[in-house]
Structures are given as structure tokens and as C-alpha cells.
Amino acid sequence: MTANSPTRTPRVARQFSARSHGFVTLTVGITLLAMAASFALSFNAQVAIGALIGLAGWMRFLLPVGVDSFILVSALSLAVLREREGVPALLPSGKRRPWWTLAQGRQWGLLWAWTAASVGINGWHGLDSVPAGSSTVVVVGVAVVSVLFPAGVLTATEGLLKLLVQETTDSAELAAAKTRLINHGTPVAAQPGAKPKSVAAQDLDLRIRAEFALADVPPTLKALAEKFGVSEARVKLARDAA
């Protein structure tokens, strides 16, 4: 190589962003495939149990539809509640509120209850299919494999929602700010002659500022005005007050 010859830049392998459209599409596709497999295996086991308990031919198919579908419905409802309520604020003592007093907590309870029902039915089918006199290892293995089907439904459903449903600005940081606001009042000194804002108005300010702070692409005033049901001027006021 001579002194005047150009220096070659080493090639760097191309890397994909986890937020790229292609990567998200691939991940969603794999998750859907896993969900379909879990649903199919659980469906087959529950149809067999439907026949075992004496359900008519077509009614056997209603058992898995009525059980596993509620796992999906509960997860979807939970996503809606997360969007509406965000992360629940802590009590003044700093402790979490009892889960049964919150809509999200009750929805989580339903989600786990339906999953437990699916686990029970699949386990029943697995144990019923074990030949008499089988060893303990075989019985335990069948039970574990049977439990994997509804667990796969739950995991795939929750994972798919996290991929497809946009993260709301009611993150843990915003919830903590809301808690401080409720417990300690206005965090900044009021200007002379200025009318103090209500807790609801300050909460709205926090939400709007968080939208601008947490978004990869700054949202438009119009988009936020439609989301929060206020005027664009109100959104601008909250943004500029940060």
C-alpha cells in the first residue's frame, strides 16, 4: 500500500432497530404463531374434556371458546383500563392500594382466574390420558406439558398487547408525580396574583408535558387536543409552562 492510496473503511454489519417496522412485524408474526399454537393445543384438550363430561357434538367446541377467549378478552380490557387510568397512584402512606379496590386489579384477577380455569381443564385432560400404572415421572411430565398450553395463551396475549398497544404517558414516573401532587399540593410557588390551579388542571398539565417529553416524535397540538378533549390553546399553555 502506497502513501497516497486511500484508506479503506471497514464494513460494519447493518443492525436493525427494535423499533423498525420490519422488526416489529416479525416479532408480532412470531407471537401470533405462538398464540395460535397454544390456542390450538388448549382447544383440542378442552374439546376432549367436553366429550368426557357429556356435551353434545357441537357444544364441545364452546368449552374452549368460552374459557380461552376470556383470557384474550380480559387482556384486552386490561389494556383499555391502562390507557384510561394509567398507573394507579400510591396512598399517602406510600403503600399500594389493595388490588380489589382498583378496576385494573379486578381485571387482573379475572385474567388469572380464567387462566387458572384453562390450566385446570388442560391438566384434567392430560392426567385423564395417562395410562393406568404409569410412573410418577410420566404423570408429572404430562401435567407440566398440559399447563404450558394456557400459560402460552396468556404469555402470547400479554406480549402481543405490549407490542401493538402504544405505551401511555401514565408511566411510573408520571404516577409518582401525580402522587406527589395530590399529597403535597402545588410543587412550585404560586405567582403573586395568580389563581392556584386545581389538582385536575395540574394533572392535565403533567399529562400533556409527559406526552412531549416521552414521545419519540413530538405530537401536534391538534392531536393532543383531541386526545384530552381540550383546545389547542390549552395544550400549548401546558407545554409552554413546563
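Author: Lys236 has a relative accessible area of 39% and is therefore partly exposed, a class that lies between buried, under 20%, and exposed, over 50%, with a 1.4 Å probe and protein chains only. The model is a predicted one, in which local features need pLDDT of at least 70 and side-chain atom pairs count only at pLDDT 80 or more, whereas totals for chains, interfaces and linings use all residues. Residues are numbered from 1 along each chain as its sequence is written, and side-chain values use heavy atoms, with hydrogens and water left out.

Lys236 sits in helix H8, which covers residues 232–240; helices here are DSSP runs of H or I with at least four residues, strands are runs of E with at least two, and both are numbered from the N terminus. Although Lys236 and Leu221 are 15 residues apart in sequence, their C-alpha atoms are 6.8 Å apart in space.

Around this part, the protein chain has eight helices and zero strands, and buried residues make up 28% of its 242 residues. If one takes the contacts (heavy atoms within 4.5 Å) between residues at least 6 apart in sequence, 65% of them join residues at least 24 apart.

Elsewhere in the chain, the axes of helix H3 (residues 103–128) and helix H4 (residues 136–164) come within 8 Å and cross at roughly 150 degrees, where an axis is a line fitted to C-alpha atoms over the stretch in contact and angles between N-to-C directions run from 0 to 180 degrees. H3 and H4 are therefore roughly antiparallel to each other, the word for angles over 145 degrees, while under 35 is roughly parallel, 65 to 115 roughly perpendicular and the rest oblique. Among the residues that meet across this pair are Trp108 and Trp112 in H3, and Phe149 and Pro150 in H4.

A search of the whole structure finds two aromatic pairs, a pair being rings of Phe, Tyr or Trp (its six-membered ring) with centres within 6.5 Å, stacked if the planes are under 30 degrees apart, edge-to-face if over 60 and tilted otherwise. The rings of Phe70 and Trp114 have centres 4.5 Å apart and planes at 10 degrees, so this pair is stacked. It links distant parts of the chain, with Phe70 in helix H2 (residues 62–85) and Trp114 in helix H3, 44 residues apart. Like Lys236 at 39%, Phe70 is partly exposed, at 38%, and Trp114 counts as partly exposed at 27%.
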